[in-house]
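Subject: Structure handover

Hello,

Here is the structure for you to look over. My notes on it follow below.

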Amino acid sequence: MSGRINRCIELLEQDQAIYYDGPHSGHVLTHAQGMIDAGTWADYVNVGMEHGAFDMSGLAEYMRGMVEAGPTRSGHRTPAVIVEAPVNGIDAAHVRTNAWQFRQILGRGVHGILLCQAESADAVRAFVESCRYPHNTLGVDPAIPSPLARMEGARRAAEGGTDAAGRKLIGVGTRGRGSESTAAPVWGLSTEEYMDRCDPWPLNPRGELLLGVKLESPEGVANCEEIIAVPGLGFAEIGPGDLSLSLGYRTIPPEPFPAEMQRARDRILAACRKSGVAFLQSCTPDNIVERIEEGVRVVAGHSEQAAARGRAHQKRTLPV
């Protein structure tokens, strides 16, 4: 068995590209489908709840089916499962008001969450904080008063602290105790182990939680450098569908993108490289090698053939 719960993190630590399958809407969330998807060719299964049904009972059954059909050939208990949450990451208020979604999703034992429509760094910090338990403090602003001091009314300074690179530090995690008893068995851990390891990677090197953001509006592109620098993110992507719609395109332009979209894509990729965050983009069998050489490390496109070519190009040794 692998020492990692999350196969995607194990691969990204090796600078290997990871490949996903799964629809953005209409995913079948049943025990039977979980058993089928446990044998997927992909490294993770995307479950679209931004536009698909917010079905927590179905998600729990789906994860149970994966566990029962496992382990995978790579030695992991299940493939990774990453859920697109319904909330828009427009600002911190939107995210904090809808943080219950992250608690519900994580409580079913998934391995990651994608925040769509991310438009500000404050929203993304709130996202990271909402997915963390408060006892996990790596990367948290050390200037925040202690719990005992806060019990007496002490408050964090409004501006917050920054790290050596000038990045604003995140606050204390806000995920509460209660769902660890349902999530931990999916990961094959005790509740105590789960609460320590369900923490964002690479912020926490031992963390098994992969958090991502989709930048799919003009505002998201404008703020992409600050957004992607937020501690706790593992991957980021351009959202060509919604971005093109906001630019006036009724249908999604095929690649090569129009000039303004290509500039946005290249800017987001550069920000990912600078911050050590994996960049997600759709790839085909014809361009997968070129995309890997550019720096793409999370591959959309739902193409088993593209995955086979990409894995061969990188001389991947971990079984699928």
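How many nonpolar, polar and charged residues does the lining of the largest pocket have? The classes come to 9 nonpolar, 8 polar and 7 charged residues. Please keep in mind that this is a predicted model.

**The pocket**

The volume of the largest pocket is about 490 Å³. Its lining is made up of 24 residues. Nearest the centre of the pocket lie His24, Gly239, Pro240, Gly241 and Ile252. Three elements each give at least two residues to this lining: strand S6 (235-238), helix H12 (240-246) and strand S7 (278-282).

**The chain as a whole**

The protein chain has 15 helices and 8 strands. The C-alpha trace spans about 60 × 45 × 35 Å along its principal axes.

**Packing and surface**

Of the 320 residues, 56% count as buried, with under 20% relative accessible area as the cut-off. Take the contacts in the chain with a separation of 6 or more: 70% of them are between residues 24 or more positions apart.

If you open one site, start with the pocket.

Best wishes

Terms used. Residues are numbered from 1 along each chain as its sequence is written. This is a predicted model: local features need pLDDT of at least 70, side-chain atom pairs count only at pLDDT 80 or more; totals for chains, interfaces and linings use all residues. Side-chain values use heavy atoms; hydrogens and water are left out. On a 1 Å grid over the protein atoms alone, a cavity is a set of points where a 1.4 Å probe fits but cannot get out, and a pocket is an open set with protein on both sides within 12 Å along at least five of seven lines; lining residues have an atom within 4 Å of a point. Grid points are joined across faces, edges and corners, and a volume is the space filled by probe spheres set on the points. Helices (H or I, at least four residues) and strands (E, at least two) are DSSP runs, numbered from the N terminus. Ala, Val, Leu, Ile, Met, Phe, Trp, Tyr, Cys and Pro count as nonpolar, Asp, Glu, Lys and Arg as charged, and the others, Gly among them, as polar. Buried means under 20% relative accessible area, exposed over 50%, partly exposed in between (1.4 Å probe, protein chains only). Contact means heavy atoms within 4.5 Å.
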